Amino acid sequence: MTERAVRLPRVRASELVGRGWLNTGGKDVSLADLRGKIVILDFWTFCCVNCLHVLDELRELEAAHRDVLVIVGVHSPKFVHEADPVALAAAVERYEVHHPVLDDPELVTWSAYTARAWPTLVVIDPEGYVVAQMAGEGHRHNVEVLVRDLVAEHEAKGTLHRGDGPYVAPEPVSSTLRFPAKAVALPDGHLLVADAGHHRLVELEADGETPVRTIGAGERGLVDGGPDEARFSEPNGLCLVPDALRDELGYDVLVADTVNHALRGVRLSDGQVTTVAGTGEQFMVGAADNVRPAGGGEPVPADVRVGFTAPARDVRLSSPWDVTWSAELGAFVVAMAGHHTLWTFDGAQGSVTHLAGTMNEGLVDGDAAQAWFAQPSGLAVAPDGQVWVADSETSALRRLDPTDRTLHAAVGTGLFDFGHRDGSADQALFQHPLGVAVLPDGSVLVADTYNGAVRRYVPPAPDAPAGTPGEVSTIATGLAEPSGLVVLTGPGDDGLVVLVVESAAHRLTRLALPAGLVGEVLDAGAHRTKRPVTDIAPGELQLDVVFTPAAGQKYDDRYGPSTRLQVSSTPPELLLDGAGDAVPLTRTLRINPEVTDGVLHVTAHAASCDADPAIEYPACHLNAQDWGVPVRVIDGAPTVLTLPLHG
């Protein structure tokens with residue numbers, strides 16, 4: 001057994017309490033039922049792209065150790081829609097979660113384990129004690145080492161019990177489409193659909209129902225080739241290549257192949273699929289190996305900021321969710337949901353460029369180099385060249401001006417406020433929108449996913465005074481997680497037809513929009529993300545991000561400092577001192593006694609690699625997490641805030 005890393009004091013794990021269980025055949029599961037197994041609690045919520053990254057990180061580990069390891073997903077929702085048990089069951093199916101899931105809508109188990117961020121992993125040993133807690137993504141190696149050590153330790157003690165766990169696979173459901181994500185109209189009138197749940201593309205007749213052909217083998221993977229051998233992994237966005245570029249590029253449709261962290265080109269004549277951007281590995285913020293060096297050799301650290309350009313096949317991408325063509329930029333725009341940015345892809349040059357976003361999560365407008373996004377997931381270009389963005393985690397509709405490279409929020413205020421409210425755009429609310437489309441009159445349709453609605457934003461008139469907000473109305477409700485929109489020309493003068501990708505209903509739905517379109521004005525209320533609030537004292541607050549390299553690893557300082565800590569707050573006045581970017585994972589903050597509550601935004605990175613000098617090519621890993629910690633400022637409250645990155 002390798003030398004073990006420092007662990008938490010032995011603390012008995014809290015019982016698993018929630019509304020019910022999924023993937024257990026209808027049975028409840030207690031910690032006593034799991035005694036003798038290594039247990040990993042994965043605190044997640046299905047809106048969170050970082051949580052989806054962790055699901056992918058755990059797949060191989062889960063398969064390799066299924067006789068001794070039980071992963072339990074503890075679903076602790078952020079949005080109201082995520083607390084719906086039907087929506088949760090659909091998400092468990094959609095993301096191929098092959099372990100028990102505890103439905104924790106009231107955050108009871110979340111609170112018992114003092115989780116502060118999505119995602120958080122808690123490791124429990126076979127005797128029922130918590131031995132590690134880690135927030136964020138990038139922990140696959142840490143968990144592998146810890147599981148290996150625990151297997152050896154408890155097998156020697158006789159406290160490890162091999163055998164099947166409590167997972168019961170649900171009955172498979174057959175359908176033409178399974179959780180379709182986006183769609184695009186083809187030149188011949190057919191429709192091409194990103195059939196994400198089947199890991200393929202499906203071409204349909206113009207009726208949106210009759211299959212013509214499939215492109216992709218229907219199994220998760222990253223394989224180029226013909227329509228029967230190519231593989232995708234949860235493809236999402238689709239974009240037609242401009243006519244003038246198709247012969248030069250050799251493909252007709254660009255696909256955001258989300259879980260493969262890649263862009264794929266599809267030639268419609270024969271269904272040939274080619275990877276055109278990405279390495280197939282996930283970009284990790286702050287990592288030294290995000291850019292593959294030309295000619296092989298050691299990776300060269302790159303300062304990946306706005307304006308950075310590199311060969312498209314040499315750069316790791318991060319969950320590209322949608323793509324669109326911008327004539328003004330002369331390139332495809334890519335919504336890089338995984339690290340909260342926009343990029344461009346130039347197919348002719350074979351390059352990608354970081355277009356907007358700092359890789360911090362939130363809603364900050366202004367210059368593209370300073371802007372913050374939160375899982376941008378839908379893109380559309382207006383006739384005037386403006387790029388509209390569905391920024392899902394901030395429940396916002398935003399606009400990128402390609403001329404001066406500035407961002408403007410039309411609807412939305414930040415990470416924690418959402419709802420279904422129409423009217424003046426400065427008061428309107430969405431709930432995790434994933435799709436956007438522009439109508440010929442310049443108004444914008446939004447697939448308001450978690451409200452099950454299609455909404456319409458009408459910009460202010462050109463001659464309106466500066467600062468005048470637009471108007472928001474509701475076009476349709478009762479839809480099952482609409483995630484994509486395609487605007488089609490209606491017959492004659494009957495207006496337009498909008499094709500809605502109803503992801504959770506596994507279908508496409510047609511909406512007729514009359515020429516004199518006027519949406520309904522609804523107000524179903526406002527909501528704020530509910531999480532336990534942390535009490536802190538005014539004045540000096542010691543922030544301590546705990547990180548311990550895994551057994552056999554050390555801090556990786558080959559390319560400079562191995563850690564990084566960024567701190568900010570909402571409102572900014574909450575922090576009198578301590579905001580900014582620095583190396584150490586500890587910092588003294590000064591909390592404003594005049595501000596009663598707010599959110600501390602903390603981003604931490606820590607790099608580690610194999611410690612054995614005999615290893616010629618050490619394995620290196622980056623651990624990263626963004627925390628948004630709701631705080632209440634109270635005299636006499638704690639003066640220390642501890643956040644476990646890995647401890």
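This is a predicted model: local features need pLDDT of at least 70, side-chain atom pairs count only at pLDDT 80 or more; totals for chains, interfaces and linings use all residues.
Reader: In what order do the 7 strands of the open sheet lie?

Author: The order is β1-β7-β6-β3-β4-β5-β2, and the pairing is mixed.

Reader: Why is one side of β1 and of β2 left without a neighbour in the sheet?

Author: β1 (11-12) and β2 (20-22) stand at the edges; each has a single partner strand, so one side of each lacks a neighbour. Leu22, for instance, has Val101 in β5 as its bridge partner.

Reader: Which helix packs on the sheet, and which strands does that helix touch?

Author: Helix α1 (residues 49-64) does, touching β3 (38-44), β4 (69-75) and β6 (120-124). The directions of α1 and β3 make an angle of about 160°.

Reader: How do side chains sit along a strand?

Author: In a regular strand they alternate between the two faces of the sheet.

Reader: What span should helix α4 have?

Author: Count 1.5 Å a residue, taking one less than the number of residues. The 18 residues of α4 (residues 140-157) should therefore span 26 Å, and the end C-alpha atoms are 26 Å apart, which agrees.

Reader: Which residues of α4 are buried?

Author: Buried here means under 20% relative accessible area. Among the buried residues of α4 are Val143, Leu146, Leu150 and His154. After α4 comes Gly158, with a positive phi near 80°.

Reader: Which residue in the turn between β10 and β11 has a positive phi?

Author: Gly208, at about 75°. The two strands form a hairpin with 6 residues between them. Leu204 has Pro211 in β11 as its bridge partner.

Technical notes
Residues are numbered from 1 along each chain as its sequence is written. Side-chain values use heavy atoms; hydrogens and water are left out. Two strands pair if DSSP finds at least two bridges between them. Helices (H or I, at least four residues) and strands (E, at least two) are DSSP runs, numbered from the N terminus. Contact means heavy atoms within 4.5 Å. Axes are lines fitted to C-alpha atoms, for helices over the stretch in contact, and angles run from 0 to 180 degrees between N-to-C directions. Buried means under 20% relative accessible area, exposed over 50%, partly exposed in between (1.4 Å probe, protein chains only).
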